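Hi there,

Here is the structure I promised to pass on to you.

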Amino acid sequence: MADTKVYILDGGRLAMKEYHMYWNAGGEAMVTLPCYSVLIEHDDGRFLFDTGFDLHHFDQFVMPGIAQQSLDQTIPGQLANLGLSPADITHVINSHYHIDHCGGNKHCLHATTICHACELEAARTPEPFEELAYSDQSFAPGLRASEPEIDIYTPRFETLTGDQEIARGVFLFETPGHTNGHYSLMVKLSDRRPMLFTADAAYTARSMETRTISSAHVDPVAACRSLERLNILAQDHDAELFYGHDIEQFGAYRIAPAYYS
Ligand SMILES: [Zn+2]
């Protein structure tokens with residue numbers, strides 16, 4: 001049995017007003033955010049947790065210039081650095097379907113797509129104020145019945161509810177509030193503390209320290225409870241927290257082709 005390996009794939013940078021990152025606690029300044037994906041090389045397959053954003057989508061539909069991504073930082077580019085191609089990915093797991101977490105799904109044509117059942121529903125029928133956040137549905141053409149089905153990618157969805165161990169040592173924990181079906185990921189490895197990836201349930205270390213959720217949320221009470229839950233999970237499992245968009249912490253990550261095991 002081979003040891004599980006975790007690769008952090010650099011997916012580029014976004015810019016956001018500080019007050020969007022810290023609800024009622026941030027200023028007007030623009031803050032730089034890293035976007036990254038997590039590749040888990042496991043005996044049961046290659047699992048990709050989140051797939052970053054599509055630069056063209058941001059430039060066209062969000063705001064030109066706020067997203068930065070080189071070709072090397074796309075999912076095909078990051079996988080090529082490891083001698084892999086998107087066809088080698090067996091499973092894509094999405095923490096949630098916001099546009100900066102699923103933009104590379106469409107490259108992984110052979111993967112089973114895993115998400116929380118509530119998240120697929122949220123992507124299909126987002127709240128009016130969430131339309132833009134869910135606007136990249138290239139991973140699931142035809143998800144909304146009103147839109148014509150485009151024959152580029154028909155994912156096999158596997159929807160889950162509750163906390164799950166989807167493969168030995170790979171856990172998904174429900175952390176709703178930012179979105180209804182948000183999952184955080186924990187991976188147990190042989191030679192180090194478990195890695196607990198918060199995704200957008202905790203943007204940064206400051207989010208956790210000050211228990212401040214982002215202004216993007218569908219349920220602020222649930223989002224605050226999820227922050228607390230992550231804190232408790234980290235303590236219970238002696239896990240290291242890897243925040244979703246922390247530029248300072250990101251600078252200390254081991255970035256692919258280096259890996260954790
Ligand atoms: Zn999000």
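Below is what turned up, starting with the metal site and moving on to the cavities and the aromatic rings. Please keep in mind that this is a predicted model.

**The zinc site**

Which residues hold the zinc ion? The donors are His96 (NE2), His98 (ND1), His178 (NE2) and Asp200 (OD), at 2.1 to 2.3 Å. Along the chain, these donor residues follow the spacing H-x1-H-x79-H-x21-D. His98 sits in the loop between β5 (91-93) and β6 (112-116), and His178 in the loop between β9 (170-174) and β10 (183-187), so this pair ties together parts that are 80 residues apart in sequence. Both His98 and His178 are buried. As for geometry, the arrangement is irregular because the angles subtended by the four donor atoms run from 89 to 171°; a tetrahedral site would need all angles between 85 and 135 degrees.

**The cavities**

There are two cavities of 30 Å³ or more. The largest cavity holds about 100 Å³ of space. It is lined by 16 residues, and the closest to its centre are His178, Asp200, Ala201, Ile213 and Ser214. By class, the lining of the largest cavity has eight nonpolar, seven polar and one charged residues.

The second largest cavity has about 80 Å³ of space. Its lining includes Cys35, Tyr36, Asp50, His101 and Phe197.

**The aromatic rings**

The count is 12 aromatic pairs. One of them is Tyr7 with Tyr259, a tilted pair with 5.4 Å centre to centre and 55° between the planes. Tyr7 is in strand β1 (residues 5-17) and Tyr259 in the segment after α7 (247-250), which puts the partners 252 residues apart. Tyr7 counts as buried at 8% relative accessibility, whereas Tyr259 is partly exposed at 33%.

Tyr97 and Phe139 are stacked, because their ring centres are 4.3 Å apart and their planes meet at 20°. Tyr97 belongs to the loop between β5 and β6, and Phe139 to the loop between α4 (117-124) and β7 (156-160), so parts 42 residues apart in sequence are tied together. Tyr97 is buried at 0% relative accessibility, and Phe139 is buried at 1%.

Finally, Tyr36, Phe197, Phe242, Phe250, Tyr253 and Tyr260 form one aromatic cluster. Tyr36 and Phe197 also line the second largest cavity.

Best wishes

Note on methods: Residues numbered from 1 in each chain as written. Predicted model: local features only at pLDDT ≥ 70, side-chain atom pairs only at ≥ 80, totals over all residues. Heavy atoms only, no water. 1 Å grid on protein atoms, 1.4 Å probe; cavity = no way out; pocket = protein on both sides within 12 Å on 5 of 7 lines; lining within 4 Å. Points joined across faces, edges and corners; volume = space filled by probe spheres on them. Nonpolar A, V, L, I, M, F, W, Y, C, P; charged D, E, K, R; others polar. Donors = N, O, S within 2.8 Å, 3.2 Å for Na, K, Ca; no water. Tetrahedral: all angles 85-135°; square planar, octahedral: opposite > 155°, others 65-115°. Helix = DSSP H or I, 4+ residues; strand = E, 2+ residues; numbered from the N terminus. Buried < 20%, exposed > 50% of the residue type's maximum accessible area, 1.4 Å probe, protein only. Phe/Tyr/Trp six-rings, centres within 6.5 Å; stacked < 30°, edge-to-face > 60°.
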